[in-house]
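This report concerns the aromatic residues of one protein model and their surroundings. Please keep the sequence and the structure in view while reading.

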Amino acid sequence: MAQTDRDVFDKVGQYNLDEIAIISYRFAEDSLPRRIDIRGILYNFEIAEDILLNNIVGSAIVYDMQDIRSILPIIGLERLSLKFNSPGTSGYDYSEDTGVPLQIYKIDKVRKDPQNERAQLYQIFFCSPEMYHNNTTRISRAYAGPVEDAVLDIVRNKLKSKKPFYFEPTSTNAKYVIPNLKPYQAINFLCSQAKSKKFRLNAGYKFFETSEAFHFRSLESMMGIDGQLTETQPKWKFMSMITSITEDQKRPEIKDLERRLSTVIKYEFDKPVDTLDNIQNGFYANKVTTHDAFNKTIKTTTYDYNEIGPNQAHTEMAGSIFEDAGLLYPQDGKGKGVKFADTNKSLTELSEAKTMVVTETSKVHNDYEFTPSSELLPMMTHQKQAMRNMNLSLLVYGNTILNAGDIITFSSPVQRPGDTVEMNPYTSGRYVIMAIKHMVNVESQRHEMILKCFKDAVSTPYPTEEDALNQIGKGNTVDGDIYKIQRASEILS
C-alpha cells in the first residue's frame, strides 16, 4: 500500500490514502452504522472535478473475495468515507470525522476472476451527496436581490450542503421566479443571468465543486485578479521536456522533486485550430436581436472579438491592452483584424455568422430589473466557444494542490530538427484547468492525473498582415443547363 504517514514528497506519484471505507445504511449492535474499510481490497480509484459539472464524481474498483456487495449489502444508500491527498497538501477530505462522506450510487462491471471462483472485481461509483438532494427536490419560488444570495440559499437549504461556498460578487440585482426546477437547474439558470461586479465585460458564471468548496464565479475571475486585467499567478508550471537536475550532488539518486512533478508524461491538443467551428458558434462575431413586445421596440447588439476582446480578461494579458500578448485572430497592424478582399471585412466584423433572437421587457418586477440579454448573450456565446479553443490534455504525476479553475503554465517546443530547443510561442503559456481526474493505482502505488485545459489567447501575437486576403486560383464560372450538356455529350460520342 501507499504510505499514509508522510507529509513530505519522497517521489513522484506518491499519495496518502488515510481512509476509504463504505458506511452502510444498516446499523450494528453498537447503534453505529456498519462500516467496512476497503483499502485492503482496493484495486484502483478515480475522483474528478470539472468546472462544467456541478459535483465531484468518482469510482473505485475492488477485488472482493468476501462478496461484500451482497453481505453488507451495497444497494445505493451507502456512503463512502474518503481521505486522500498528496503529501503536504490538504487534498480530498470526505471522511466521516472531518468532512462530508460521498454517496455511493451504482455498482457496475461485476466480473468473476477466472483464476479464483470465489473472487470478483466490480466498480463502485460515487458522487457528492448533494446530487441525491438535487434529484429529489424542486424549487418553486421567487428570489430577489443579488444572484449570489439566491445561489447560497439553494446550496444551504435545498441541497442541504455543509461544505464551504466561495462566490464572486455580481452586479445582478433582479427578481427571478424559479418555475419548479431542480436545484442545479435553478443554479445553472442563475449562472446564465449573472454578471460580474468587477469584470464589467463579463457575462455568465460557473457553478462547480472542487476539493476545497463549491464555487460560483466567472471565467474571468479565474484569469484575472480583483476585476483588473492583471494575470492570476499560475498554481503550477509544466514542461514537456525536463532535464535531470539533482538537488544534492552527494546523493544523485534524489531528484529535484518539484521539477519531476512538472514533467508531462503525455500531452495532446484537441482542435488547436477550427476556424469554421468558431465562425458558426459566434466566437469571432455574433448578433442578438432583442424584441420588447410591451414597449414595441427591436434592438440589435453585435459582438466584435477584435473590438471587445482586448478589454476582456484572458489567459494571456499585458496590462490594459494586448501589448505583449495576442488574441486568437491575427491583426492588420492598424488595430483591426486581417480582412478578406471580397468583403473588405475581417471575421470579427461578420456578425451574421451567428444570429440569435430573444424576447424580453422591462418593469416586470417593479424595483428589480433583469440584466438585459444584449449585455449577456453576445459575450456568453463568445465565451462558450472560447473554451473549445486550444484544448490541451496533460497526463502528469498526481498533485492534489491543483483544482479545477486554477491557472497553470505549459511549455512545449517547436517540433522541428535542430540542436537548440525553441519554445512554441503559441501553444506555450497559461491555461485554465477545466477538469482534473485523479487516478490512483494501488497495486503499483502510483498517482497520476489528467488535466483538461484551455487557453483563449496567445503569449506572442500572431504575425500581422496589412493586405487583405485575396482569392487564390482562377476558378471556373461557367453555368450550364444539364440537359443541353447531356445532348452535347451524346452528339460528341
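## A buried ring and its partner

In this predicted model, Phe 410 has a relative accessibility of 0%, so the residue counts as buried, the limit being under 20%. Tyr 267, by contrast, is partly exposed, with a relative accessible area of 26%.

The ring centres of Tyr 267 and Phe 410 lie 5.1 Å apart, and the planes meet at 65°. The pair is therefore edge-to-face, because an angle over 60 degrees is counted in that way. Tyr 267 belongs to strand 15 (residues 264-270) and Phe 410 to strand 20 (residues 407-411), so the pair ties together parts that are 143 residues apart in sequence.

## Other aromatic pairs and a cluster

How many aromatic pairs does the structure hold? There are 19 aromatic pairs in the structure. One of them, formed by Phe 207 and Phe 214, is stacked, with 5.4 Å from centre to centre and 5° between the planes. Phe 207 is buried at a relative accessible area of 2%, and Phe 214 is likewise buried, at 0%.

One aromatic cluster is formed by Tyr 15, Phe 45, Phe 84, Tyr 92 and Tyr 94.

## Charges over rings

Two rings have a charged residue over the face. Arg 69 lies over Tyr 122, at 5.8 Å from the ring centre, while Lys 106 lies over Phe 125, at 4.5 Å from the ring centre.

## A nonpolar surface patch

Tyr 25, Ile 75, Leu 77, Tyr 105 and Tyr 132 make a nonpolar surface patch of about 470 Å².

Terms used: Residues numbered from 1 in each chain as written. Predicted model: local features only at pLDDT ≥ 70, side-chain atom pairs only at ≥ 80, totals over all residues. Heavy atoms only, no water. Patch = residues over 30% accessible without salt bridge, like charges linked within 9 Å, V, L, I, M, F, W, Y side chains within 5 Å. Areas by Shrake-Rupley, 256 points an atom, 1.4 Å probe, with all protein chains shown as cover. Salt bridge = Lys/Arg side-chain N within 4 Å of Asp/Glu carboxyl O. Phe/Tyr/Trp six-rings, centres within 6.5 Å; stacked < 30°, edge-to-face > 60°. Buried < 20%, exposed > 50% of the residue type's maximum accessible area, 1.4 Å probe, protein only. Helix = DSSP H or I, 4+ residues; strand = E, 2+ residues; numbered from the N terminus. Lys NZ or Arg CZ within 6 Å of the ring centre and 35° of its normal.
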